[in-house]
Amino acid sequence: MRSQRRPSEIFLVAFVPGSTIGILGGGQLGRMMALAAAQLGYRCHIFDPHERPCAAEVSADFTRAEFDDEEALRRFAAECDVITYEFENLPVGPLRELSGKLKPGLKSLAVAQDRGDEKTFLESAGAKVTPWRAVNSIEDVQSAVSSLGLPIVLKTRRYGYDGKGQAWIRSPEEAEKAWDAIGKEPAVAEAGVDFEAEFSVVIARDEDGNMAPFPLTRNRHLDGILRTSTVPAGPQIEKLAEEAVASAKAIAEALDHIGVLTVEFFASSTGPLVNEIAPRVHNSGHWTIEGAQTSQFEQHLRAILGLPLGDSGMVAGGAIMDNLIGNDVDRWAEFVTKPGRHLHLYGKGEARPGRKMGHVTRLT
Ligand code: AMP
């Protein structure tokens, strides 16, 4: 339902409320996107291979099928007005069945799926990354150790997330063990960055090329998993804001990205270095639900629906978001009791170690 008719003199080319948004992936990002869509009067249809994905519980429709099931994708496309994704490890080929309804487009998805292609693309877009090499054999790993110096980190090119598929090499003897640890998969070898801090820029871009970055967010990780995001990010990071936001904009532009894009950075002594990008809403943007004038989820929907981008400024002096990982979720009663704590539980069932079960935000 794409309409140009709006009340009185306001003229928009947009999908009107009541339209159906398809979301590939049924995790917590899809769930929070569906909640934001419901607020604006849109319907969501989740596509996911699992039995009871947590996004489907808050959405109008659910298709349970594998992501490479072309027949199911064709049917799904016929039932949706616009389609987006909440995670990037989707097979690109079958998504051509979505008949041009996919936003962001396939380029954003393909680039973010392969750490080697991603780094090549980032460099071509003018972003700075830590020195790296593609590695396909133990000999390649050994030559990367010689050329990059130590420490280095091996990361599988595909299907890595939250620190999975990664192994550090701190002495030449560790090279073989690290190569075994990542399953001898095609990988990148990255020079270890002696960073002062990590941060992200979550930015939205619409079809006309308008862009709206959220304030820089400082991120603290433990065991490769995000634990806490803080805004304002602090002076050490904010002095890099101009360069980092310019990089994020150049990346979004080069991808012709429509929707929210997240760029994760290291704050290093040589300036902001891009660690990786996610062509989607991101855990480090969850604070925007209560802390920004427009949440990252609403902003993403605005971009893909053809609505004007909202105000990405903050509503308070600052915000702190803590992830509830594994058993942390058992503390829910404490958070729901304390004033000023905004508790989000994802309804995911079993609290396995390392599993993101919810988050808590407080405004400061
Ligand atoms: P990633 O999955 O690439 O985001 O890596 C997870 C975490 O590992 C990052 O957030 C950093 O804390 C750390 N890390 C990854 N790559 C590097 C690197 N080249 N140098 C230093 N730390 C890194």
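**Salt bridges, a buried asparagine and a covered strand**

Hello everyone, let's start with charges: this structure holds 22 salt bridges, a salt bridge being a side-chain nitrogen of Lys or Arg within 4 Å of a carboxyl oxygen of Asp or Glu. Before going on, please keep in mind that this is a predicted model, where local features need pLDDT of at least 70, side-chain atom pairs count only at pLDDT 80 or more, and totals for chains, interfaces and linings use all residues. Residues are numbered from 1 along each chain as its sequence is written, and side-chain values use heavy atoms, with hydrogens and water left out.

Why do such pairs form? Side chains of opposite charge can pair when their charged atoms come close.

Here is one of them: Arg-52 bridges to Glu-57, with 2.9 Å between the closest N and O atoms. I'll call a residue buried under 20% relative accessible area, exposed over 50%, and partly exposed in between, using a 1.4 Å probe and protein chains only. Arg-52 is exposed at 64%, while Glu-57 is partly exposed at 43%.

Next, look at helix H2, residues 70-79. Helices (H or I, at least four residues) and strands (E, at least two) are DSSP runs, numbered from the N terminus. Glu-71 and Arg-74 form a salt bridge at 3.0 Å, N to O. They sit three residues apart in H2, so about one helical turn separates them. Glu-71 is partly exposed at 40%, and so is Arg-74, at 39%. These two also belong to a network of salt bridges with Arg-75 and Glu-97.

Now, which residue does Arg-280 meet in a salt bridge? Its partner is Glu-88, at 2.5 Å from N to O. This pair links distant parts of the chain, 192 residues apart: Arg-280 lies in the loop between E16 and helix H9 (288-291), and Glu-88 in the loop between strand E6 (82-85) and helix H3 (106-113). Arg-280 is buried at 14%, and Glu-88 is buried at 13%.

Strand E16 itself, residues 271-278, contains Asn-275. Asn-275 counts as buried because its relative accessibility is 10%. Leaving aside residues up to four places away in sequence, its contacts (heavy atoms within 4.5 Å) include Glu-118, Lys-155 and Phe-265.

Finally, strand E19, residues 356-363: six of its eight residues are buried. Strands pair if DSSP finds at least two bridges between them. Strand E17 (residues 319-325) runs antiparallel to E19, joined by seven bridges, with Met-321 opposite Thr-361. Strand E18 (residues 342-345) is also antiparallel to E19, through four bridges, and there His-344 stands opposite His-359.
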